[in-house]
Amino acid sequence: MMFLGELEEVLELTDMAEFQKCMVPLFRRIASCLNSSHFQVAERALFLWNNEHLFDMISQNRQVILPIIYPALERNTRWHWNQSVLNVTLNVKKMFLDMDERLLLACQNNFQAEEEKRAATEERRRLMWEQLERNAAAACHPHPVITTTDSSFPSPPSSTPLVAPTVT
């Protein structure tokens, strides 16, 4: 909270050239604040867009800034627990939509593609772990362990007495 308050005060006095020098790492940090589970931190980060001077600098550099913060905005709209944070996030997304709809849609498509890639990677990882577990189980138990009744093995008739073979 203190960081975001101080940041806003410093950015109020920052000219465009200085802003552009630090905007990439700065908005990476702001994106992590946007996704804070502490609702006051997330809300305070979102309120930076209410500052007219910051809004002007952000809008002039939206081609760089929006791709950095869009994933954080999208995660908030999908998963943030606080209704106020959700509402303010939707307002910020609407600001960007009004500012540059084509850029917002491109960021949205890119986010969706990244999410699909991440889900596919996660699924491959899960399948690989399942295979490793099966291989490890097979190495520990080289002979198959029958855990259920298997109908392919005939069961001895119940009337036949079991007799041990005799050795002569």
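Colleague: Is histidine 80 buried or exposed?

Modeller: Bear in mind that this is a predicted model. Histidine 80 has a relative accessible area of 13%, and the cut-off for buried is under 20%. So histidine 80 counts as buried.

Colleague: Which backbone atoms lie 2.9 Å and 3.1 Å from a polar atom of the histidine 80 side chain?

Modeller: Both distances fall within the 3.5 Å limit for a polar contact. At 3.1 Å from a polar atom of that side chain there's the backbone nitrogen of asparagine 82. At 2.9 Å it's the backbone oxygen of serine 36.

Colleague: What angle do the axes of α2 and α4 make, and what do we call it?

Modeller: The axes of α2 (residues 16–34) and α4 (residues 52–60) come within 11 Å and cross at roughly 80°. Angles of 65 to 115 degrees count as roughly perpendicular, so α2 is, relative to α4, roughly perpendicular.

Colleague: How many residues of that α2–α4 contact are nonpolar, polar and charged?

Modeller: From α2 come Met16, Phe19 and Phe27, while α4 brings Met57, Ile58 and Gln60. Sorted by type, they are five nonpolar, one polar and no charged.

Colleague: How many disulfides does the structure hold?

Modeller: Cysteine 33 is buried at 11% relative accessible area, whereas cysteine 140 is exposed at 61%. A disulfide needs two cysteine sulfur atoms within 2.5 Å, and the number of disulfides here is zero.

Key: Residues numbered from 1 in each chain as written. Predicted model: local features only at pLDDT ≥ 70, side-chain atom pairs only at ≥ 80, totals over all residues. Heavy atoms only, no water. Buried < 20%, exposed > 50% of the residue type's maximum accessible area, 1.4 Å probe, protein only. Polar contact = N/O pair within 3.5 Å; in protein donor to acceptor, adjacent residues only side chain to side chain. Axes fitted to C-alpha atoms, helices over the stretch in contact; angles between N-to-C directions. Helix = DSSP H or I, 4+ residues; strand = E, 2+ residues; numbered from the N terminus. Parallel < 35°, antiparallel > 145°, perpendicular 65-115°, else oblique. Contact = heavy atoms within 4.5 Å. Nonpolar A, V, L, I, M, F, W, Y, C, P; charged D, E, K, R; others polar.
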